Amino acid sequence: MAKSRNNSMCLIESDYLSSEDEGSDASTGSNKKTDFFKLQRKEKCTSRNAILARQNRIRKKMYIQNLENKIIKLRSAREKLNSIVQSQSVVISELRTEVKYIRSVLANSSDLSKLIRNISNSSA
């Protein structure tokens, strides 16, 4: 059995020749070249280059799948963080309003305490 001259082909020429010997009837309409390419697709290449290429394609698919999974997780985390930021923004706004109110109360209370002192000093 002689191997095919083209390294990219995975079939052995004698396999193709033996299928030619069996032949195909004109009545069946089967095409020898088409049969050969169908056989070629079904056979797994065992050349080192083909094996490495197949492994690289598998690795690439796994890498892309992992990246897609990370994207999904990161989008979910981003949505959670955005909701936290929005809720914290509301809390910050409420606290700022409260601080303004307390400052105004303190300012008024110091004015009131001065007024009360003045009244008590003048009446005494």
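User: V105: buried, partly exposed or exposed?
Analyst: Partly exposed, because its relative accessibility is 36%. Buried means under 20% relative accessible area, exposed over 50%, partly exposed in between (1.4 Å probe, protein chains only). This is a predicted model: local features need pLDDT of at least 70, side-chain atom pairs pLDDT 80 or more, while totals for chains, interfaces and linings use all residues. Numbering starts from 1 along each chain as its sequence is written, and side-chain values use heavy atoms, without hydrogens or water.

User: Which helix is V105 in?
Analyst: Helix α3, residues 48–123. Helices are DSSP runs (H or I, at least four residues), and strands are E runs of at least two, numbered from the N terminus.

User: And overall, how many helices and strands?
Analyst: Three helices, zero strands. The order is α-α-α from the N terminus.

User: How much of the chain is buried?
Analyst: 3% of its 124 residues.

User: Switching to confidence. What's the average pLDDT?
Analyst: 76, with 63% of the residues at 70 or above. pLDDT is the predictor's confidence in each residue, from 0 to 100.
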